[in-house]
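This report looks at a few places in one protein chain. Keep the sequence and the structure in view while reading.

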Amino acid sequence: MIIQYTAPLRGELSIPGDKSVSHRSIMFGALANGTTEVTNFLTGADCLSTIACFRQMGIDITLEEGTRSGHVLVHGKGLHGLHAPSDILDTGNSGTTMRLLSGILAGQSFDTTITGDASIQKRPMKRIMTPLLAMGADISSVKNNGCAPLQIRGRKLRGTHYDSPVASAQVKSCILLAGLYADGITSVTEPAISRNHSELMLRYFGADIQTGLTVSIAPEPVLTGQKIRVPGDISSAAYFIAAALLVPGSELLLKNVGINPTRDGMLRVCQAMGADITLLNEDHSGAEPCADLLVRSSHLKAVEIGGDLIPTLIDELPVLAVLAAFADGTTVIRDAAELRVKESDRIAVMTENLTRIGCPVEATPDGMIITGGQPLHGATIDPYKDHRIAMSFAVAALACTGEMEILDADCVKISYPGFYEDMAALCK
C-alpha cells in the first residue's frame, strides 16, 4: 500500500463496532439462555475467530453477510450448554479469544486444545495459566514454553482471590469467566483498573458481580440473552482522530464512539496535547456509554504518558507515538512494557519505523522518548504484520512529505477491514 494524501479530512464516519465488546457479545450470548441479538458487530478477522470457536462447540450463530457492521444472532444454551469440539480450537490472531475462552473452557466437562497463529503462539499465556491453576484448573502449554497451544482438561473449579501483577482486562476477564463455574466467590485485584467491558456486560446479562479495583463474581448465575448495540471502537476511531488533528483544515465527525472511562485515555491525552475534540450526543443507555466526536485540526504539544493512564490506552499508544512525532517538544511514554508482548514488540517496531521517517526516538524498556515538531518524510514501513502499526503509519503518511509505502498492509483486516477505503473517502 502506497499512501500520499494531501487534502484535509472532511465529513463524518460511523466507526466499526468495538472489538472488545463484539468478542464478549458472542461469548456471553453463547453462555446465556435464549437469543442474544447484536448490532454493529465488528466483522474483522479476530471476532470471526470467536464465532468460529463457539460454532465448533455447538452454538448456533447467524451473521448477516456482506456488511461491515454485522447483525448477529447468538442462540445461547446456558452455562453448561457447550459441547466438546471435534477438532482443535483456532483463535487466529486474537489474544482476546485465546485468553477469555481459556477461562470458560477450564470449567467445562470436556477437554480441549486451543491454539492460534504464529503471533499468538509467541504471546505469554502464563499470566492466565497461573490464576487458573490456583482455581484447580488443569491447563498446560503443549510446548512447555508458557505459550499456545494450550491443553485444557475441564474440571470443577474452586473460587479464589487473585492479586494480578498486571492491569489486564484479558487476565481479569479470564478469571471472572472461570469464576462462573467455581464453587464459591471468585475475585481479582489489579494494580490499576483495566477495561471493564466484561463486568458491564456480565451484569447486563444477569451475573452477580461487584466492580472496582477488586472485582468479584458469584458462581452459576442464570444469564439471559440480551439486545446489544456495539458502540464504535475507540481504538479504531483513534486513527481518524489523529489524522484530523494532524492534517491542517480538517474537521471530522466520528459517530457513535465508545467513551467508556476505562478506554478513554486517548481522548484525555489528546486534549492534554492541545487537541480540539468536542463530545456531542452523549448516550449512556445500555451497557456502554458512547458519543459523537467532533475533531478539528490542532497544533499539538508534547506530554508525558504513564501510570494509571496506560491501561486505558494501551492499544492506542502506537498512534499516540505518531502524534508525538509531530507535536512540539519531547514526549515520554513509560510504564508500557506490555507493548513488548502484543501482536509485535510495538516498542521496537514503532522505534524502527519512526526512525525511518526521520523522527528522533529512543526506545526504553517500558516505552519511548520521542522528540517531535520537525518535518518528517515518507519511507517504506514494515509493520511486522501488526494491524495497529500499519494503521498508525497510514496516519503518519498524511502529514509526511513524499510517499509512504506500507508492507503487508492487509494486516489491518484483523480489526478494521475497511480502514484504507474510509481514510481515502475522507481525504477527497
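Where is serine 415 found? In this predicted model, serine 415 sits in the loop that runs between β23 (404-406) and α12 (419-426). Serine 415 counts as buried, because its relative accessibility is 1%. Setting aside neighbours within four places in sequence, serine 415 is in contact with Lys19, Leu42, Ser236, His387, Arg388 and Met391. Threonine 43 is 372 residues from serine 415 in sequence, yet the two C-alpha atoms are 8.1 Å apart in space.

In soluble globular proteins, nonpolar side chains tend to be buried together. The largest nonpolar core here has 82 residues, and Ile241 and Leu254 have the most contacts inside it. Helix α7 (residues 234-246) gives the most to this core, namely 11 residues. Isoleucine 241, leaving aside neighbours within four places in sequence, is in contact with Leu254, Met266, Leu267, Cys270, Ile277, Leu293 and Val295. Another core lies apart from this one; it has 64 residues, including Leu63, Leu79, Leu150 and Leu223.

**Cysteines**

How many disulfides does the count give? The count comes to zero disulfides. A disulfide requires two cysteine sulfur atoms within 2.5 Å.

| Cysteine | Closest cysteine sulfur | Sulfur distance |
|---|---|---|
| Cysteine 53 | Cysteine 47 | 12 Å |
| Cysteine 147 | Cysteine 174 | 15 Å |

The sulfur of cysteine 53 is therefore too far from that of cysteine 47 for a bond, and the sulfur of cysteine 147 is likewise too far from that of cysteine 174. Cysteine 53 is buried at 1% relative accessibility, and cysteine 147 is buried with a relative accessible area of 10%.

Definitions and conventions:
Residues numbered from 1 in each chain as written. Predicted model: local features only at pLDDT ≥ 70, side-chain atom pairs only at ≥ 80, totals over all residues. Heavy atoms only, no water. Core = buried A, V, L, I, M, F, W, Y, C linked by side-chain atoms within 4.5 Å. Buried < 20%, exposed > 50% of the residue type's maximum accessible area, 1.4 Å probe, protein only. Helix = DSSP H or I, 4+ residues; strand = E, 2+ residues; numbered from the N terminus. Contact = heavy atoms within 4.5 Å.
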